[in-house]
Amino acid sequence: AEILLQSIDIKVKNKLLTSKSNISINGIIEGVHYSIKRYVDDYFLFYNDTEILNIVFNLFTEELSNYRLY
């Protein structure tokens, strides 16, 4: 499970970096626009803007659902 979740974490972070949202020209950067922590299978998302929350949350939800994790 840890290997699978690490892979999902990396995929999502890379997609956020290359996204062309109106938040930032270079994408959404972890540690700048948001912070996400994972303990085993629990995710903790910290943000200052609800638009960031929606983008990050939806991307994680989408990627997790590819593996039938909800």
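I took helices (H or I, at least four residues) and strands (E, at least two) as DSSP runs, numbered from the N terminus.

**Ground rules**

I am working from a predicted model, where local features need pLDDT of at least 70, side-chain atom pairs count only at pLDDT 80 or more, and totals for chains, interfaces and linings use all residues. I number residues from 1 along each chain as its sequence is written, and side-chain values use heavy atoms, with hydrogens and water left out.

**Entry: layout of the chain**

I looked up the elements and found two helices and two strands. Read along the sequence, they give the pattern α-β-β-α.

I then looked up burial. I call a residue buried under 20% relative accessible area, exposed over 50%, and partly exposed in between (1.4 Å probe, protein chains only). Of the chain's 70 residues, 27% count as buried.

Next came contacts, meaning heavy atoms within 4.5 Å. I took the contacts with a separation of 6 or more; residues 24 or more positions apart account for 49% of them.

**Entry: α1 against α2**

I looked up how the helices pack. Helix α1 covers residues 2–18 and helix α2 covers residues 50–65. Their angle is about 135°, and their axes are 10 Å apart. The axes are lines fitted to C-alpha atoms, for helices over the stretch in contact, and angles run from 0 to 180 degrees between N-to-C directions. That angle makes α1 oblique to α2. The classes I used are roughly parallel under 35 degrees, roughly antiparallel over 145, roughly perpendicular from 65 to 115, and oblique for the rest.

The crossing of α1 and α2 is right-handed.

I listed the residues that make the contact. From α1 they are Leu-5, Ile-8, Asp-9, Lys-11, Val-12, Lys-15 and Leu-16. From α2 they are Ile-55, Val-56, Leu-59, Phe-60, Glu-62, Glu-63 and Leu-64. Sorted by type, these are nine nonpolar, no polar and five charged. Here Ala, Val, Leu, Ile, Met, Phe, Trp, Tyr, Cys and Pro count as nonpolar, Asp, Glu, Lys and Arg as charged, and the others, Gly among them, as polar.

Ile-8 then contacts Tyr-43, Phe-60, Glu-63, Leu-64, Tyr-67 and Leu-69.

Asp-9 sits in helix α1. Is Asp-9 buried or exposed? I found 11% relative accessibility, so Asp-9 counts as buried. Beyond neighbours within four places, Asp-9 touches Arg-38, Tyr-43 and Phe-60.

Lys-15 is also placed in helix α1. At 37% relative accessibility, Lys-15 counts as partly exposed. With neighbours within four places left aside, its contacts are Leu-59, Glu-62 and Glu-63. Lys-15 and Leu-59 are 44 residues apart along the chain, with 8.4 Å between their C-alpha atoms.

**Entry: loop and tail positions**

Val-32 is in the loop between α1 and β1. Its relative accessibility is 59%, so Val-32 counts as exposed. C-alpha to C-alpha, Val-32 is 9.2 Å from Tyr-47, 15 residues apart in sequence.

Asn-66 is in the segment after α2. With 53% relative accessibility, Asn-66 counts as exposed. Asn-66 and Ile-8 are 58 residues apart in sequence, and 9.7 Å separates their C-alpha atoms.

**Entry: positive phi**

I checked backbone angles last. Most residues other than glycine have a negative phi.

Where is Val-40 found? Val-40 is in the loop between β1 and β2 (42–47). Its phi is near 55°, a positive value in a residue other than glycine. Val-40 is exposed at 52% relative accessibility.

Arg-68 lies in the segment after α2. Phi of Arg-68 is positive, near 60°, and the residue is not glycine. Arg-68 has a relative accessible area of 70%, so I noted Arg-68 as exposed.

Conventions:
Left-handed = near helix turned anticlockwise from the far one by under 90°.
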